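Welcome, and thanks for taking a look. Here is a short briefing on charged contacts and aromatic pairs, to read alongside the structure.

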Amino acid sequence: MTKERQVINSNNLGHFYKHVNNRLSCRTGVGALRDSNGSLYTTDASKAELLNYYFSSVSTKDDGVLPELDRFVPEDVEFSNVTFTPENVMKAMRKLKNNTSCRPDGLLSILFRKFASHLAIPLSVLFNNSIYVGKIPDDWKKAIIIPISKGSLASDVCNYRPISLTSVACKIMERVIVQQLLSYLSLHRLISCQQHGFLLRKSTTTNLLETMNDWTLAIDSRDGVLEAYFDFAKAFDSVSHPKLYHKLQGYGISGSILVSK
């Protein structure tokens with residue numbers, strides 16, 4: 001009761017609800033699962049196998065046919081290299097969350113965040129060398145897969161989505177690459193102005209504001225409004241890697257940034 005007494009004596013409503021929510025949260029992992037035939041899986045090994053089979057089954061098998069694709073930029077325009085400096089590496093580390101989630105290499109994000117000033121230089125050297133040779137450490141290719149429930153029937157394996165916990169060092173490297181890649185795409189106007197996801201200072205809020213503005217203008221002009229909504233099931237899981245690789249080449253992405261293996 002000592003912890004509870006401290007929470008009460010602190011007279012902080014936020015701390016009180018945080019403590020209660022932590023007590024109510026279930027941290028025992030995934031419960032019993034059923035497959036499409038109704039068979040019940042209760043052991044950790046059997047549940048892991050069932051989830052692994054389901055997550056693998058939703059992936060799309062490539063047909064080996066590459067579509068005809070025109071180049072989106074002139075031949076002399078390309079994005080083939082990324083420069084890692086202690087400054088941009090440290091900036092990426094400062095944005096890491098202070099969590100202690102287990103990673104394949106055993107290194108936690110809180111470690112990189114706390115020692116960012118000491119790790120920035122050696123990591124920038126490591127990243128530059130990785131880009132130069134076109135390879136990354138094998139541990140960076142591994143991930144710990146965490147099944148997250150979508151909020152529906154917890155025993156249905158189809159109601160889980162996989163979250164990959166990868167190496168924090170690799171994540172830092174990816175963030176620096178993404179920043180410079182987005183600058184390249186924006187400079188050559190390769191990102192649609194209607195794109196609101198995964199962009200700085202854009203979100204579902206900005207998307208809804210633009211949509212509301214368009215609807216308002218249409219109503220004021222006495223025009224009809226027709227809206228169509230699409231939801232691509234398993235969108236990221238079903239992306240064909242060869243076709244994605246092919247399209248990235250059309251955007252001028254090449255060199256050690258774009259490797260086939």
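This is a predicted model: local features need pLDDT of at least 70, side-chain atom pairs count only at pLDDT 80 or more; totals for chains, interfaces and linings use all residues.

The structure contains six salt bridges and five aromatic pairs, and the points below walk through them by topic.

- The side chains of K47 and D44 meet in a salt bridge, at 3.7 Å from N to O.

**Other salt bridges**

- E75 pairs with R71, and their closest N and O atoms are 3.9 Å apart.
- In that pair, E75 counts as exposed at 66% relative accessibility, while R71 counts as partly exposed at 33%.
- D138 and K141 also form a salt bridge, with 4.0 Å between the closest N and O atoms.
- Here D138 is exposed at 56% relative accessibility, and K141 is exposed as well, with a relative accessible area of 59%.
- Which residues are linked in a network of salt bridges? They are D62, D63 and K243.

**Aromatic pairs across the sequence**

- By the rule for ring pairs, the count comes to five aromatic pairs.
- One of them joins F72 and Y251: the ring centres are 4.4 Å apart and the planes lie at 10°, so the pair is stacked.
- F72 belongs to the loop between α3 and α4 (86-94) and Y251 to the segment after α9 (241-250), so this pair ties together parts that are 179 residues apart in sequence.
- F72 is partly exposed, with a relative accessible area of 39%, whereas Y251 is buried, with 18%.
- F79 and Y184 form a tilted pair, because their ring centres are 5.3 Å apart and their planes are at 35°.
- This pair, too, links distant parts of the chain: F79 is in the loop between α3 and α4, Y184 is in helix α7 (residues 168-187), and 105 residues separate them.
- Are F79 and Y184 buried or exposed? Both F79 and Y184 are buried.

**An aromatic cluster**

- F84, F127 and W140 together form one aromatic cluster.

Technical notes. Residues are numbered from 1 along each chain as its sequence is written. Side-chain values use heavy atoms; hydrogens and water are left out. Buried means under 20% relative accessible area, exposed over 50%, partly exposed in between (1.4 Å probe, protein chains only). Rings of Phe, Tyr and Trp (its six-membered ring) pair if their centres lie within 6.5 Å; planes under 30 degrees apart count as stacked, over 60 as edge-to-face and the rest as tilted. Helices (H or I, at least four residues) and strands (E, at least two) are DSSP runs, numbered from the N terminus.
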